[in-house]
Amino acid sequence: MHIQAPFIEILNRPLDRLYGIDSHAQEVISWRNGLSRTICEELDRAEGYSNEFYYAIGAIMGKQPRLALYLPFSALCTAPDEFRDAYLDAWKQCWSYRDIRECFNQGDIYERTARRGEPERIVKAMHLLPWLVEYGYLDGRDVLTIVRFFMHQDALLCWSTLDALEVLEKRNLISRTHSFKVRELLSCIPPRMATPELVSNTPARQQWLHDRNNNYGVDDDFKLRNPEGPYLLNLEEDVQMFAPPEGQITLIGGSRLKGYGRPKSDYDIYHYDIQSGRIVELAPLCDDISNVAHLILCTAWMGQNEDDVVRAQHDAAINYISLDSETKERCLSRMEMDLLQFRLMHKGFPAAHRYDCALETKQYTSIDGASAFYDDRYRKLAAKIFVKYLWLP
């Protein structure tokens, strides 16, 4: 039985086994891999960051501004002036993203059949305002200018700014004059949309709440295992039981592959049909490749013959090279949820740090301060995963 690493890992290696990719794409891959190595090496060190580190971060943010959401606060605090300009450019591009609030919190999104109304959305970039003001990227006048400009055209951005304003006030990072003016302006915007109402407490939700309240059944010795890869190190011999039927490849994903599964947790298992090029369990969704990007690119592939597995994975993954911008954006969004948010942010990291996760921000409920999103240990880990794996050439 041959088990092939997720394609995102293969893409992060030397290109000796990547076929069907033109020379320009190979140059881009090599360039990106060099930047990611520089960033990851420095994030692993305790001391300050070099100019090369900030250059590499800036270069990737120029292509993928959402990296700005995950950078460690320690790196933002000590950044040189030229990087700060690049960061603010990327941060401003993140104003256009409308994320589901719970994606950056605990992942408590009610099942569609159990709720009335849609999940609340936010502009998450605005929740970083307290740190940008504290570190000197912005000041109270800038916050006021943002609100004045957007108050008549982007209520969601203004409401997210109001979330951050509570933290700015509690930490004395904004003057009373500026704070009063911001609140005065925001009093004129439309009311915030109602949060969804839970109308049916399903068995699945009851089980999730029970698991969360009991630290997902793990003890104080629980640790993350290779959460930034190599992911194959996290697989055990028991995966052999998932040998695929003839003509199919087994796709192995989930928290056990990613390094934060419980000892007795299940794998997420899907089957890729070689002839049709579809995931059997999700065949109706495969017409839009963005629906299954995380499964094609972020899972281990297992089959009887190495050549067949390598060829099938390559044939599926090559569809994600050189996409149009809209499809690429949807794919990256789904990969971000899979790699950085669901399970790692919501379950894995908090379970491994149950007593000290986001201690410094827990009291800031308006921005969901108890989320691992604000813990710099998580942010370092997320930044490394982002620059290594969350991209498509």
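Predicted model: local features only at pLDDT ≥ 70, side-chain atom pairs only at ≥ 80, totals over all residues.
Biologist: Why is Lys 384 called buried?

Modeller: Lys 384 has a relative accessible area of 7%, and because buried means under 20%, Lys 384 counts as buried.

Biologist: What makes Lys 384 and Glu 228 a salt bridge?

Modeller: Their side chains meet at 2.9 Å, N to O, and since the rule asks for a side-chain nitrogen of Lys or Arg within 4 Å of a carboxyl oxygen of Asp or Glu, the pair qualifies as a salt bridge. The pair links distant parts of the chain, with Lys 384 in helix H16 and Glu 228 in the loop between helix H10 and strand S6, 156 residues apart.

Biologist: How do you know that Arg 377 is partly exposed?

Modeller: The relative accessibility of Arg 377 is 34%, and because partly exposed lies between the buried limit of 20% and the exposed limit of 50%, Arg 377 is placed in that class. Its salt-bridge partner Asp 375, at 2.8 Å, N to O, is buried, with a relative accessible area of 7%.

Biologist: Why is Asp 81 called exposed?

Modeller: Asp 81 has a relative accessible area of 58%, and exposed means over 50%, so Asp 81 counts as exposed. Asp 81 is found in helix H5, and together with Glu 82, Asp 85 and Asp 89 this residue forms a negative surface patch.

Biologist: What makes the patch negative?

Modeller: The patch is formed by Asp 81, Glu 82, Asp 85 and Asp 89, and because Asp and Glu count as negative, the patch is called negative.

Notes. Residues numbered from 1 in each chain as written. Heavy atoms only, no water. Patch = residues over 30% accessible without salt bridge, like charges linked within 9 Å, V, L, I, M, F, W, Y side chains within 5 Å. Areas by Shrake-Rupley, 256 points an atom, 1.4 Å probe, with all protein chains shown as cover. Charge placed at Lys NZ, Arg CZ, Asp CG, Glu CD. Helix = DSSP H or I, 4+ residues; strand = E, 2+ residues; numbered from the N terminus. Buried < 20%, exposed > 50% of the residue type's maximum accessible area, 1.4 Å probe, protein only.
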